[in-house]
Amino acid sequence: MYKIGAIGDRDSVLGFSALGVEVAFADTSSEAIQELRRFARDQYAVIYITEQLAQYMQEEIAVYKDRLTPAVILIPGKSGSLGIGLDAVRKSVERAVGADIISPVDGN
Amino acid sequence: MAVMNVNPTRMELTRLKTRLKTATRGHKLLKDKLDEMMKQFLDIVRENRALRIRVEQALTEAYRRFTVATAVMSPEMLEQALLYPKQAVSLEMTFTNVMSVDVPKYTIQLKNDEPSEIFPYGFATTSGELDAAVSELNGALELMLRLAEAEKSAQLLAFEIEKTRRRVNALEYVMIPQMQETIRYIIMKLDENERGNLSRLMKVKDMMLEEQMEKAHARAEALRAKS
């Protein structure tokens, strides 16, 4: 049985704990890296991280990119979306296709 | 394109021809696989993009509601209300096979199925805004899981596509031309040997004929001298 985790600043992820998602509070990206490693070792299938923290720990997140578990997914934090998540989607298209052929398609 | 370091023998030629055939076949298969994977990938990535936009909207909305809730409640109360959940989620993870790539599929399992059970607090000390925020977030959770699924699938497929494309290119632009070149080289070399052998034989034949002619001449000379 797998668990869901969320890492972020207190205000952003507190609400998730009400839903039964395991929550870890982190205010700096080094704290977030600690928490991410702890979650990754444990039985977590999906780990959500706020973009505000993720922007400074891209290498750490890239480690899990090609692994089956956990799925590290970026979510916007309290102060809004930074567009890193969408950028990651664009990057994976670039990686597979060689060029970004998705972004200009609007209305999806 | 460089010729491989092989002996130009007939055996090597047969071996190379078989290898070339296998490589060409493998190349075709891999290319088909790549095409299909690309198709699947583009579908998934479109879904991924759409889901991400929806999740970001839903979360922004939920955060907005939380902000309202924080405004009317003290942070301590808020934390007290939220930090000890009645609800627990766990995930069932199964794998589906997309073009020989295992991608995860998540099914959510709730401890409490009752819709009202998402609120881990009594209603006496909390505000109605908090209820709205929590239920908004609860609605977003399912979307977030679909997003996780799509995003992980996209990442795994992208990795596999990259790997397959490298293989296809290696076969198409390195292995196959190299083998063709080497096969041509061996054939030329063997033909050349053949021609060399032939001309040598002809030369030897000429020499033998000449020798015989000389002998015949000598005999004729001898006979004439006697008479």
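B:M99 counts as partly exposed, with 17 C-beta neighbours inside 10 Å (buried means 20 or more other C-beta atoms within 10 Å of a residue's own, exposed means 12 or fewer, and partly exposed is in between, with C-beta atoms placed from the backbone). B:M99 sits in the loop between β1 (89-98) and β2 (101-110) of chain B, where strands are DSSP runs of E with at least two residues, helices are runs of H or I with at least four, and both are numbered from the N terminus. This is a predicted model, so local features need pLDDT of at least 70 and side-chain atom pairs count only at pLDDT 80 or more, while totals for chains, interfaces and linings use all residues. Residues are numbered from 1 along each chain as its sequence is written, and chains are lettered from A and ligands numbered from 1 in the order in which they are written.

Back to that loop in chain B. B:M99 has a positive phi of about 50° despite not being a glycine. B:S100, in the loop between β1 and β2 of chain B, also has a positive phi, about 65°, and is not a glycine either. B:S100 is exposed, with 9 other C-beta atoms within 10 Å. Most residues other than glycine have a negative phi, and most peptide bonds are trans. Chain A has a cis bond to show: the one from A:T69 to A:P70, with omega near -10°. A:P70 lies in the loop between α4 (58-62) and β4 (71-75) of chain A.

As for chain A overall, there are five helices and four strands, running β-α-β-α-β-α-α-β-α from the N terminus on. Its radius of gyration is 14 Å, close to the 13 Å that the globule rule gives for 108 residues, so chain A is as compact as a globular protein of that length (the radius is taken over C-alpha atoms, and the rule is 2.2 Å times the number of residues to the power 0.38). The C-alpha trace of chain A spans about 40 × 30 × 25 Å along its principal axes, and buried residues make up 46% of the 108 residues.

Then there is the interface. In chain A, 34 residues are in contact with 48 residues of chain B, contact meaning C-beta atoms, placed from the backbone, within 7 Å. On the chain A side, the elements giving two or more residues are β1 (3-8), α1 (10-18), β3 (44-50), β4 and α5 (84-97). The largest share, seven residues, comes from α5(A).

Notes:
Two residues are in contact if their C-beta atoms, placed from the backbone, lie within 7 Å.
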